[in-house]
Amino acid sequence: MATTDLTSVGEVRATSGDGAIPPTIDRSRSISGGMLMMIFFIGSEVMLFASFFAAYFFVRYNIADNDWPPLNSSGEQFELPVVLTGVNTAVLVASSFTLHWAEHRLKLGDRKGLQVGMIVTMMLGAAFLIVQLNEYWHLEFTPSDTAFGSTFYALTGLHGAHVAVGLTILLVMFIRITKANDFSPRFATPLAAGSLYWHFVDVVWVLLFVLVYLL
C-alpha cells in the first residue's frame with residue numbers, strides 16, 4: 001500500500017499499516033481564546049466611545065453653535081486646564097511605555113524587571129486618576145451647567161471609569177506575578193490581554209484630549 005507523507009504544517013501524515021499519525025497543527029502563531037475575547041471586548045468599547053464622541057460633536061456643532069465653552073454666571077467663558085491636562089496626558093502615555101517595558105523584561109526572563117515595570121505603570125495610572133479628580137474639584141462648572149458640562153463630564157468620566165478598570169486588571173496581574181509566580185516567556189496571555197486593554201485606554205484619552213481640550 002502506498003504511503004502519503006505531507007510534511008507541511010497542519011496537514012495529515014498517513015502511514016501504511018493499521019494506524020495513522022494524527023494531524024499536526026502549528027499553534028505558535030494562533031490567537032488564544034482569551035486574547036480573542038479581549039479583542040472583541042475592545043471592539044465593543046470602541047463603539048461605545050464612538051457613540052459618546054458622536055453625541056459630543058452633535059451637541060457642540062448643532063446646538064451650542066460658536067458659544068463653546070459657554071459663559072458662566074459672571075459672563076466669562078468656562079476654562080479648561082489645558083496645560084495641567086497635557087502633563088497628565090503625558091503621564092498616562094508614559095504608563096503604556098512602562099507596561100511594554102515590563103512585558104519585554106518578562107520575555108527576557110527578568111521577573112524583577114517585570115514587577116518593577118508593573119508597579120511603575122500602576123503608579124502612573126493612579127496619578128492620572130488623582131489629577132483628574134483634582135481637576136473636577138477645581139473646575140468652575142458641573143454636569144448640570146448646560147450641555148457643555150454634561151458632555152464633558154460624560155466623556156471624561158467614562159474614560160476615568162475605564163482607567164479604574166484597567167488598574168484593577170493590572171493589580172490582579174501583579175498579584176498573580178508576585179503571589180502565584182505566574183506567567184513566563186512562553187505563557188503570558190492574560191497579561192498581554194490586560195496590556196492591550198491598557199493601551200486602548202491610553203489611545204482613547206489622547207484622542208479625547210485633542211478633541212475636547214485642544215479643539
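Visitor: Which element gives the largest share of the lining of the largest pocket?
Guide: In this predicted model, the largest pocket holds about 320 Å³ of space. Among its 14 lining residues, the closest to the centre are Glu-103, Lys-107, Ala-188, Thr-189 and Ala-192. Two or more lining residues come from each of helix H2 (82-107) and helix H5 (189-214). The largest share, five residues, is given by H2.

Visitor: How many residues of the lining of the largest pocket are nonpolar, polar and charged?
Guide: The lining of the largest pocket comprises 14 residues. They divide into six nonpolar, five polar and three charged.

Visitor: Are helices H3 and H4 roughly parallel or roughly antiparallel to each other?
Guide: Helix H3 (residues 111-138) packs against helix H4 (residues 146-179) with the axes 10 Å apart and at an angle of about 155°. The residues of this contact divide into 18 nonpolar, nine polar and two charged. The crossing of the two helices is left-handed. Angles over 145 degrees count as roughly antiparallel, and H3 and H4 are therefore roughly antiparallel.

Visitor: What is the arrangement of the rings of Tyr-136 and Tyr-153?
Guide: The whole structure contains 15 aromatic pairs. For Tyr-136 and Tyr-153, the ring centres are 5.0 Å apart and the planes lie at 45°, so the pair is tilted.

Visitor: How many residues apart in sequence are the parts that the pair of Tyr-136 and Tyr-153 ties together?
Guide: Tyr-136 belongs to helix H3, whereas Tyr-153 belongs to helix H4. The pair therefore ties together parts whose separation in sequence is 17 residues.

Note on methods
Residues are numbered from 1 along each chain as its sequence is written. This is a predicted model: local features need pLDDT of at least 70, side-chain atom pairs count only at pLDDT 80 or more; totals for chains, interfaces and linings use all residues. Side-chain values use heavy atoms; hydrogens and water are left out. Axes are lines fitted to C-alpha atoms, for helices over the stretch in contact, and angles run from 0 to 180 degrees between N-to-C directions. Helices (H or I, at least four residues) and strands (E, at least two) are DSSP runs, numbered from the N terminus. Angles under 35 degrees count as roughly parallel, over 145 as roughly antiparallel, 65 to 115 as roughly perpendicular and the rest as oblique. A crossing is left-handed if the near helix is turned anticlockwise from the far one by less than a right angle, and right-handed if clockwise. Ala, Val, Leu, Ile, Met, Phe, Trp, Tyr, Cys and Pro count as nonpolar, Asp, Glu, Lys and Arg as charged, and the others, Gly among them, as polar. On a 1 Å grid over the protein atoms alone, a cavity is a set of points where a 1.4 Å probe fits but cannot get out, and a pocket is an open set with protein on both sides within 12 Å along at least five of seven lines; lining residues have an atom within 4 Å of a point. Grid points are joined across faces, edges and corners, and a volume is the space filled by probe spheres set on the points. Rings of Phe, Tyr and Trp (its six-membered ring) pair if their centres lie within 6.5 Å; planes under 30 degrees apart count as stacked, over 60 as edge-to-face and the rest as tilted.
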